[in-house]
Amino acid sequence: MNATLAALAPVFGLIVVGAILRPIGPIGEDGWRGIELITYWVLLPALLVLKLGGTDLTGYEIGPMVAAMAGAVLIVTGFLVAIQRITRIGGAAYTSVIQGAIRQNTYIGIAAAGALYGHDGVALAAVGIAAVIPLVNALSVWFLTRMIGDKPAGMRVVLSSMAKNPIIIACLLGIALNASGIGLHPLVADGLELMGRGALALGLLAVGAGLRFSALRTGWAPLLLSNALKLMAVPALTLALANPLGLSGVALQVAVLFNALPSSASSYVFARALGGDHALMAAILTTQVAMAAVTLPLFIAWVG
């Protein structure tokens, strides 16, 4: 447990630094927005292509890992659909609850996997991103348009959303390079390595800068529901599915780690763009990061 806390301390430490720098530091709102964009569109995709395209993962249980992660997300989504009428939460707020319960913060996930499990941990986290991010993006678009708009988005809208996502594109490119045997030329790998080095530090600082403590005045019932599902139910379900699927070792640990992450900041972007309750979404994101500093080490210690 002490080793886990020591490995994760720098990850959450950078988030705290970002939260402190935003109100008092020399970087204004436009500057933080620029950091978010360059990290999201260039640096993180470079890191994902490098890890997925240049790492031999044949010795790991990739199929069971993907099934456990996606299965846990789908079970929680089904549960939220089943209790929608019971909770009496409005449609806009409910979309924020759903996004908060199923999405993952990739910056925290990759940084934590690297700190705990090294190079292969980062590569397996990238596999998790490739497996789950398209699923949660599609679910988020569908629920936002179904519960707020006149009708749910068609397949064309969902596919268009995913086709514009640089994280998904990078994952597909890295997988294609790996599966085809082409791999990465050393010069290309070196260039991607240079870009990827800045991705996690800047990404974690941006996570901290994006925290909105003023949003905590929103309703607590939907917030706590979303947080309990994301930080406790989803990783517990991932662990429960692991045994029948035959998942073990580092792949199991990374799967649980990834599904125990707080929700992604892109949830807020989706909520604003598609008419969701963005104030509630901001509160969910802020509290989940704080709570994950406690729940994430506990799940990692549990898995071993």
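Student: How should I read the accessibility of Glu29: is this residue buried, partly exposed or exposed?
Tutor: Glu29 counts as partly exposed, with a relative accessibility of 46%, where buried means under 20% relative accessible area, exposed over 50%, and partly exposed in between (1.4 Å probe, protein chains only). This is a predicted model, in which local features need pLDDT of at least 70 and side-chain atom pairs count only at pLDDT 80 or more, while totals for chains, interfaces and linings use all residues. Residues are numbered from 1 along each chain as its sequence is written, and side-chain values use heavy atoms, with hydrogens and water left out.

Student: With which residue does Glu29 form a salt bridge?
Tutor: The partner is Arg22, and the closest N and O atoms of the pair are 3.2 Å apart, a salt bridge being a side-chain nitrogen of Lys or Arg within 4 Å of a carboxyl oxygen of Asp or Glu. Arg22 is partly exposed, at 27% relative accessibility.

Student: How many salt bridges does a search of the whole structure find?
Tutor: The search finds 3, and one of them joins Glu36 to Arg33, at 3.5 Å from N to O. Glu36 has a relative accessible area of 29% and is partly exposed, as is Arg33 at 45%. Another salt bridge links Glu193 with Arg197, whose closest N and O atoms are 3.7 Å apart, and here the residues sit 4 apart in helix H9 (residues 186-209), again about one turn. Glu193 is partly exposed at 32%, whereas Arg197 is exposed at 57%.

Student: What describes two packed helices?
Tutor: Two packed helices are described by the angle between their axes and the distance between the axes. Axes are lines fitted to C-alpha atoms, for helices over the stretch in contact, and angles run from 0 to 180 degrees between N-to-C directions. Here H5 (residues 91-102) and H10 (residues 220-245) pack at about 20°, with their axes 8 Å apart. That makes H5 roughly parallel to H10 (under 35 degrees; over 145 is roughly antiparallel, 65 to 115 roughly perpendicular, the rest oblique). Their contact (heavy atoms within 4.5 Å) includes Ser96, Val97 and Gly100 of H5 and Pro222, Leu225 and Lys230 of H10. By class, its residues divide into 7 nonpolar, 3 polar and 1 charged (Ala, Val, Leu, Ile, Met, Phe, Trp, Tyr, Cys and Pro count as nonpolar, Asp, Glu, Lys and Arg as charged, and the others, Gly among them, as polar).

Student: At what angle do helix H6 and helix H8 pack?
Tutor: H6 (residues 106-148) and H8 (residues 166-180) pack at about 135°, with axes 9 Å apart. That makes H6 oblique to H8. In this contact Ala126, Ile129, Ala130, Ile133, Pro134 and Asn137 of H6 meet Ile167, Ile168, Cys171 and Ile175 of H8, giving 9 nonpolar, 1 polar and no charged residues.

Student: Which residues make the contact of H11 with H13?
Tutor: Helix H11 (residues 249-259) packs against helix H13 (residues 278-303) at an angle of about 160°, with their axes 10 Å apart. That makes H11 roughly antiparallel to H13. The contact is made by Leu252, Gln253, Val256 and Leu257 of H11 together with Leu296, Phe299, Ile300 and Val303 of H13, and these residues divide into 7 nonpolar, 1 polar and no charged.

Note on methods. Helix = DSSP H or I, 4+ residues; strand = E, 2+ residues; numbered from the N terminus.
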